[in-house]
Amino acid sequence: MEEQILAVQRMQEYIEAHLEQDILPADLARVSLFSPWYSYRLFRSATGLTPAEYIRKLRLSQSARRLKQGGSRVIDAALDLGFGSVDGYQRAFYREFGCNPGQYARHPVPITLFIPYGVKFREMRKDAYEMENLQSVFVQVLQKPARKAIIKRGTSAEDYFSYCGEVGCDVWGLLSSMDSLCGEPVCLWLPDALRKPGTSVYVQGVEVPLDYNGAVPDGFDVIDLPAAEYLAFQGEPFQEEDYAQAILALQHAMERYDPAVIGYRWDDECPRIQLEPRGERGYLEMRAVKKLPEAG
């Protein structure tokens, strides 16, 4: 991997670790191992943002999470995250999200949070990986209740990267600001019955109760998902730079798994579900099953 990409990744990691402190161009240059001028150019080229824009977006999104969780005053959210004044913070918050932070704290609505994707991971996904030495995969049966899902459809996407190319990566930031039954957004591979003509198999969304009557963002659909049993496949924890291998290894294990050994068959009338790959918990994917007749 090019040293320039790793330099930008080091700057991203430094920003995230020091978000509540002053971050100077000299600090980023020091961790990048390049001059301030060249590190600035590298960062902007790789992320599409200047370091100052990147830091501002990340701080505003972190403040929005605090306000939504409750227990944080607007003044605390502003000052703790490096904004010089409440007025300046309120103006920046409104420009970013289209609402006042005080109003958002009282009545959270879906907003597009900034998700700081690491630049080195975009490069790693282009590599090929061998699947010979698979790690352990934990499998368990889970019950999913009848529920709804608020989803954003693509056009022909079959996986995360093609989906981002069609609808943009900001969808995950919006979904991350919404409450979900499972505590986080989900990615779904939809069966034909849940697709519209000319739309993608792969979508992103949040699961909500059947009686949900909250906001639905523009351009999103609401679909009904039936109660179902799922086999949840969870891999071992992994280093963040190994996320692509972790996903491919687990999916390879899923393809070889025969649910009949525990009395089930695959149920392809329900969507397959993917959770965000997080190194500390391992990659997790779910596929619906039904009991075999002889299994009761």
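Close-up 1. I262 counts as partly exposed because its relative accessibility is 40% (buried is under 20%, exposed over 50%, partly exposed in between; 1.4 Å probe, protein chains only). This is a predicted model, where local features need pLDDT of at least 70, side-chain atom pairs count only at pLDDT 80 or more, and totals for chains, interfaces and linings use all residues. Residues are numbered from 1 along each chain as its sequence is written, and side-chain values use heavy atoms, with hydrogens and water left out. I262 sits in the loop between α11 (243–256) and β7 (264–266) (helices are DSSP runs of H or I, at least four residues; strands are runs of E, at least two; both are numbered from the N terminus).

**Close-up 2. The F43 and Y54 aromatic pair.** The count comes to 13 aromatic pairs (ring centres of Phe, Tyr or the six-membered ring of Trp within 6.5 Å; planes under 30 degrees apart are stacked, over 60 edge-to-face, the rest tilted). F43 and Y54 pair edge-to-face, 5.0 Å centre to centre, with 90° between the planes. F43 lies in α3 (residues 36–47) and Y54 in α4 (residues 51–69), so the pair ties together parts 11 residues apart in sequence. F43 is buried at 0% relative accessible area. Y54 is buried too, at 3%.

Close-up 3. The charged end of R272 sits over the ring of W189, 3.7 Å from its centre (NZ of Lys or CZ of Arg within 6 Å of the ring centre and within 35 degrees of the ring normal). W189 is buried, with 12% relative accessible area. The charged end of R287 sits over the ring of W266, 4.0 Å from its centre.
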